[in-house]
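Here is a short briefing to read alongside the coordinates. Keep the viewer open and follow the topics in any order you like.

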Amino acid sequence: MFAYLVRRLFLMLVTLFGISVVIFFLLRIVPGNIVDILFAAAGYVDPADKAELEKQLGIDQPLVAQYLHWIGGLLRGDLGYSYVSEKPALQEILPRIPITARLAGLALLFSASIGIPLGVISAVKQGTKLDYALRVVSLSGLSLPSFWLGLLILTASVAMFGQMPIFNPNPKTWLEAFATYAVPAAAVGFRSAALTMRITRSSMLEVLRQDYIRTARAKGASEAAVNYHHALKNAILPVITVIGIEAAFLIGGLIVTETVFNIPGVARFLVEAIRWRDYPIVQNLVMFIAVVVVFANFTVDMLYAVFDPRIRYSE
Amino acid sequence: MRSVWALAAMVALSVLTASTATRAGEPKQGGILRMYHRDSPANASILEGATYSVNVPFMGVFNNLVIYDQHIAQNSPDTLRPELAESWSWSSDNTKLTFKLRQGVKWHDGKPFTSADVKCTFDLLMGKSQQKLRQNPRKAWYSEVNEVTTSGEFEISFDLKRPQPSLLAMLASGYTPIYPCHVSPAEMRTHPIGTGPFKFVEFKANESIKLTRNPDYWKKGLPYLDGIEYTIITNRSTAILAFVAGKFDMTFPTHITIPLLKDIKSQAPNATCVVEPTNVSTNIIVNSTSPPFDNIDIRRAMALALDRKAFVDILFEGQADIGGTMLPPPQGIWGMPKDKLQTIPGYGPDVNANREEAKKLMQKAGYGPDKHLAVKVSTRNLAEYRDPAVILIDQLKSIYIDGELDVVETANWFPKVARKDYMLGLNLTGSSVDDPDQSFYENYSCGSERNYTNYCNKEIEKLFDVQSQETDVSKRKPLVWDIDKKLQEDVARPIIFHARAGTCWQPYVKGVTIMSNSSYNGFRYEDVWLDK
């Protein structure tokens, strides 16, 4: 187990190094830089001013030198300065992480707490009206883009209640804080919940046909015990995998949701930073997201062993 | 007796009503004005900014030497008012402009304002100081200024190379605040210090901008508001819904398109909304340095094919203006009168006749029903650029030109245009001051950085100087009209239309005036107040 862990950690480092190279060079391949954008907004360019600004920002240096400068700083905990705000990148990124983390966490919670039970019910009630209804709901969840759903929620709120669940940076109570995040989390988590539900359903259907389920019923176990204790425990592995992958994909949905609900999280910030070609922000944020995704995958792998005793990571 | 009592009661009631009405009309102190901001500006430095996204939130932090009257919608030479300058005077030969400065004004950090600050500001703008702006988009405005000199602590003079009455207009722009000497340009980008009615509190990129009341403002009793808070909402639908839901007191100025204005009026019928020209023209840039548009006949044919009214009807439901380079009257001061405008080829009302003439020109150039000219129509990837570009492509079909839309990301748009890597482009040009000097020199003079089409006509450039030196507005106007007409006839940069946009605020917001010939000069907000 220990050797496996060391091997996985080593692979993670190699992956992160690879990602850092890809992020860095892909960003430079994209045409235009912050100086182009600043001067484009002004509608003119003075070549001397442009060269001076490029020198100030260090983007006149060879790419390898720029890369080494960035990675060196990153290893020392120095993320550099935002080209736009001229503040330390860490100072810009750090306050936004908890906002997105809360939103993502709540969305995943929504996804799991809605998707798994409904998936189980749908499987157990296979072929009934309830099953069909749940399948329609899950299909809708997969089909509705989150930005559209978000706008629909906002429009409906304004039209029906004259109120709008827009981000409140200073919630006074726990309930207010929850309300601030709950609606956008539901909007972004709806698709995830639908996917979780479908995977849970198909996985459960497979497990429910196994002999040991029949044995459990024969031994007099209640339906709930059969479904949730015996069947779900064995059907959960693919669901965990999907939730792990969804955690990584969530960032895409969050970009849109944070924009629609005006939430000042990292996802929206990333888009703005890309728009401005704010390299220090983009590089470090994408690197941060990469670390989260790599660790999420690692955690999912470890959870396999916890949920299924048959799986053991041995040499 | 009963009637006497009734009469007395009525009189008392009317006196009471009248006095209440007077009180209701009087400005009230206090309250925070909540507005949304359409995007996150690059920084807080107006001198380095090139978009009104910077002016709107930060104009209230500063003062100018002179300013356009904030309660008269049309900026004109008659609406110039003293601000940090108490008065001004021209020398007899109109080459020296002297300002007497206001005494007792303090910067937000408590330091006194003097003529040295004014000199520092203009040395910075003219590139003469040790410290440099990160970018200096309006350096060309001061090309006729030799030197800015102080005479004591409260007098400053601008020595000009030649008379240029429009200098005052540029000094009155929201783009020309006075900066303190003792604060570096870098600090001004992150924490601006001004003398204005509001002090800077914080700017969180992509989140919010907060200003608070300056209790030591030199205009006693002002500002009325305790502060202004801008929430940055980049999604227009979310922003407008939030306004409708009452989360904001006012929309971002001139941010509402005409179709969206209808939505607001139906969902928030009590809101006050105004539609004004933005002094941003939508125009065609033509690469006349290479084929096929090096052929003047093809350029003229293209100009003749334009159905400007169709653009206005489709995009603005009829609420936009057709004109030349200068914003047309009545809102524009310098635009050509309608009868003169209609004498320009392509501006006449008979679109079919114009297009028949255009077809003949195309046939003369070797194109016709069997041989179409294929062109790429490049434009920026923003709705206000893309939408008219699509209509343009449709209209060009009628004269054997097959256009293909080439959408360019914002970051690459200007570099592409600057290196002339386009055939035909659809562009937007904003004028921060409604004055021919700003527009003509910037966009049409030979070698100007913003002369994207490389149009160069030495004869017309001489006329630029003639109009620029004319101090009599009534004499200057015909000169400007002739130049504008010639620019359109030369197809230097065909103007399609001048846009209009809406601004809305809740009924309790008072004292807001939206400028009708500039989107850059009307955001001091010192006497805006909330009636609630």
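Which residue just after α10(A) takes a positive phi? That residue is A:G220, with a phi of about 90°. Please bear in mind that this is a predicted model. For the complex, the predictor gives an ipTM of 0.81 and a pTM of 0.87.

**Confidence by chain**

- Chain A has an average pLDDT of 88, and 97% of its residues score at least 70.
- Within chain A, the element with the lowest mean pLDDT is α2(A), at 79, while helix α4 (residues 63-76) of chain A has the highest, at 94.
- For chain B the mean pLDDT is 93, with 95% of the residues at 70 or more.

**Chain A as a whole**

- Chain A has 13 helices and zero strands, so its pattern along the sequence reads α-α-α-α-α-α-α-α-α-α-α-α-α.
- The C-alpha trace of chain A spans about 85 × 60 × 35 Å along its principal axes.
- Of the 315 residues in chain A, 38% count as buried.
- Among contacts in chain A with a separation of 6 or more, 75% are between residues 24 or more positions apart.

- Chain A is divided into domain 1, covering 2-94, and domain 2, covering 98-307.
- The C-alpha centres of domain 1 and domain 2 of chain A are 32 Å apart.
- Contacts between them involve 23 residues of domain 1 of chain A and 17 residues of domain 2 of chain A.
- On the side of domain 1 of chain A that touches domain 2 of chain A, at least two residues each come from α1 (2-29), α2 (34-42) and α5 (89-93) of chain A.
- The element that gives the most to that side of domain 1 of chain A is α1(A), with nine residues.
- Sorted by class, that side of domain 1 of chain A holds 15 nonpolar, six polar and two charged residues.

**A:F147 in chain A**

- A:F147 sits in helix α8 (residues 146-161) of chain A.
- Is A:F147 buried or partly exposed? A:F147 counts as partly exposed because it has 18 C-beta neighbours inside 10 Å, and 20 or more would be needed for a buried residue.
- Apart from neighbours within four places in sequence, A:F147 is in contact with A:V256 and A:V260.
- A:V188 is 41 residues from A:F147 along the chain, and their C-alpha atoms are separated by 8.4 Å.

**Where chain B meets chain A**

- In the contact between the chains, 33 residues of chain B meet 33 residues of chain A.
- Two or more residues of the side of chain B that touches chain A come from each of α5 (185-190), α6 (236-244) and α13 (410-418) of chain B.
- α13(B) supplies the largest share of that side of chain B, namely seven residues.
- By class, the side of chain B that touches chain A is made up of 15 nonpolar, 12 polar and six charged residues.

**Helix α15 of chain B**

- The 12 residues of helix α15 (residues 458-469) of chain B should span 16 Å at 1.5 Å a residue, and this agrees with the 17 Å between its end C-alpha atoms.
- B:F464, B:Q467 and B:S468 are buried in α15(B).
- Down the axis of α15(B), these buried residues fall within an arc of 100°, so they line one face of the helix.
- B:K458, B:E459 and B:K462 are exposed on the other side of α15(B).
- The buried residues of α15(B) pack against α14 (436-444) and α16 (473-489) of chain B.

**B:F158 in chain B**

- B:F158 lies in strand β7 (residues 155-160) of chain B.
- With 25 other C-beta atoms within 10 Å, B:F158 is buried.
- Not counting residues up to four places away in sequence, B:F158 touches B:L97, B:V145, B:V148 and B:L167.
- B:P112 is 46 residues from B:F158 in sequence, and 22 Å from it in space, C-alpha to C-alpha.

Technical notes. Residues are numbered from 1 along each chain as its sequence is written. Chains are lettered from A and ligands numbered from 1 in the order in which they are written. This is a predicted model: local features need pLDDT of at least 70, side-chain atom pairs count only at pLDDT 80 or more; totals for chains, interfaces and linings use all residues. pLDDT is the predictor's confidence in each residue, from 0 to 100. Domain bounds come from an automatic or database domain assignment. Two residues are in contact if their C-beta atoms, placed from the backbone, lie within 7 Å. Helices (H or I, at least four residues) and strands (E, at least two) are DSSP runs, numbered from the N terminus. Ala, Val, Leu, Ile, Met, Phe, Trp, Tyr, Cys and Pro count as nonpolar, Asp, Glu, Lys and Arg as charged, and the others, Gly among them, as polar. The expected span of a helix is 1.5 Å times one less than its number of residues. A residue is buried if 20 or more other C-beta atoms lie within 10 Å of its own, exposed if 12 or fewer, and partly exposed in between; C-beta atoms are placed from the backbone. The arc is that of the directions from the helix axis to the C-beta atoms.
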